[in-house]
Amino acid sequence: MGETNNKNLQLNYLKPPLTPQSHPWLIFCHGKHKQRQTFYSVPESRYYVKIIPELRNKRICYSCYGWLLLKDLDTHIYSFINPHSMEKIQLPQTSLRIKSYIPWCPPDNPDRIFFFISEDNLFLIWYGQVETFVEYYIELEDENDEIGVAVLHGRYVYGLTHHGMKLVKMKDQKTLFPIRFENSIIKESLLQYRRHFSLPFKTYMITSCNEIMVVVQAYSLNGRVLDFQIFRADFTKRTWEEVNNIDNRTIFLSSDNEYDKCCFIIENGSGIKSNSIYFSELTCLYIYDLKDRSISISRPCPAVSRYYSFQCWVEF
């Protein structure tokens, strides 16, 4: 009996906590070879330490449909993994750094097709059964700009340009070569709306309640997060509208993740502070209150060292 219990404990140690939750998990991947994973549940104020071989030396880039998109830190090969079944789907090898993943369908869909946006302003398509990515150059009206972040909204892919901060939409076209993004009916740049115009910033795109929203995260010159602004695309008035209240919704951002699209928004989260932005840096968890623009800080997993670690919000 004792031997059986020890074996069950060991097996449990090798799997992620799979209790259904209505909110994202905060995962710290730590250790010299990223061999440990600490899962933190915000409502429970509790963490679970695991050693999952499939996540060793991997960076978690994105999660959707119950799958994780991983990047091997040695080979730089991307793959999908299902934390429940541990089924794995390896993507073709590429020397390009993928910036955004467009979740067109679940990775295990028989007719799966995968859309990615990479550095060098390339649109990558993988048809699941073939051994290579198909690469298409992205054409923008401003040929000196590039797609910074992107989301799927309805049946269209929308992007925010990196330099001009303009909203663009993938154009309907009969052929895929090249991929053309045209300016949306919102002609204004978000640059003119920023409070801290001269400071460094990072942008995120989210779809919520049938709207496209952009979160702008402003930093001080020494790298400390100072402020957030949220904007929604008003397609009726053809302008950007600043959002100061998201009511019962909560936003989760992975601030130090190299993957631009690592963010979530949930509604009516039990045990979660609404009208707030949760973000993490190093080993600290921050909560930005949109009402009074205050920032609270905690260190939820004290055993996690700030060295050899990174973190990410995931849903599965």
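Student: Is tyrosine 62 buried or exposed?
Tutor: Tyrosine 62 is buried, at 6% relative accessibility; buried means under 20% relative accessible area, exposed over 50% and partly exposed in between, with a 1.4 Å probe and protein chains only. This is a predicted model, where local features need pLDDT of at least 70, side-chain atom pairs count only at pLDDT 80 or more, and totals for chains, interfaces and linings use all residues. Residues are numbered from 1 along each chain as its sequence is written, and side-chain values use heavy atoms, with hydrogens and water left out.

Student: And what about tyrosine 101?
Tutor: Tyrosine 101 is buried too, with a relative accessible area of 0%.

Student: How many aromatic pairs are there in the whole structure?
Tutor: The search finds 19. Rings of Phe, Tyr and Trp (its six-membered ring) pair if their centres lie within 6.5 Å; planes under 30 degrees apart count as stacked, over 60 as edge-to-face and the rest as tilted.
Tutor: In one of them, the rings of tyrosine 62 and tyrosine 101 have centres 5.5 Å apart and planes at 80 degrees, so that pair is edge-to-face.

Student: Where do those two tyrosines sit in the chain?
Tutor: Tyrosine 62 is in strand β4 (residues 58-64) and tyrosine 101 in strand β8 (residues 98-102), 39 residues apart. Strands are DSSP runs (E, at least two residues), numbered from the N terminus.

Student: Which residues do ring pairs link into a cluster?
Tutor: Tyr62, Phe80, Tyr101, Phe114, Phe116, Trp126 and Phe133.

Technical notes: Helix = DSSP H or I, 4+ residues; strand = E, 2+ residues; numbered from the N terminus.
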